[in-house]
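The sequence and structure are shown first.

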Amino acid sequence: MYGGVHVAAVMLKTFLREMPEPIMTFELYEYTIRIPGLDSEDQLEEPRRILIEELPRDNYTVLKRIVAFLVQVCQPYRRKTAV
């Protein structure tokens with residue numbers, strides 16, 4: 001891949017900066033900043049609830065595709081470090 005992981009990172013950051021609203025919407029900001037203060041079980045359950053119940057479908061789709069892209073980008077590096 002030309003430029004490697006750094007080019008992918010720049011492209012992703014540019015895309016995210018140019019979005020009119022963050023993937024985790026302004027309305028969900030208060031929910032997301034409270035997550036670190038929750039107990040361990042709720043720290044796993046609350047993000048799942050937010051993503052499934054509160055996040056608009058289009059935002060969820062974009063987030064899902066970004067995560068899939070990041071998994072693809074990281075795979076060659078994971079193979080190199082796996083011993």
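Of the 83 residues in the chain, 14% are buried (under 20% relative accessible area, against over 50% for exposed and in between for partly exposed; 1.4 Å probe, protein chains only). The model is predicted: local features need pLDDT of at least 70, side-chain atom pairs count only at pLDDT 80 or more, and totals for chains, interfaces and linings use all residues. Residues are numbered from 1 along each chain as its sequence is written, and side-chain values use heavy atoms, without hydrogens and water.

| Helix | Residues |
|---|---|
| H1 | 4-17 |
| H4 | 57-81 |

Gly4, Ala8 and Leu12 are the buried residues of H1. They line one face of the helix, because their directions fall within an arc of 45 degrees seen down the axis (taken from the helix axis to the C-beta atoms). The face turned away from this buried side carries the exposed residues His6 and Arg17.

In helix H4, asparagine 59 counts as buried because its relative accessibility is 14%. Beyond its neighbours within four places in sequence, asparagine 59 contacts Glu21, Pro22, Ile23 and Thr25 (heavy atoms within 4.5 Å).

Technical notes. Helices (H or I, at least four residues) and strands (E, at least two) are DSSP runs, numbered from the N terminus. The expected span of a helix is 1.5 Å times one less than its number of residues.
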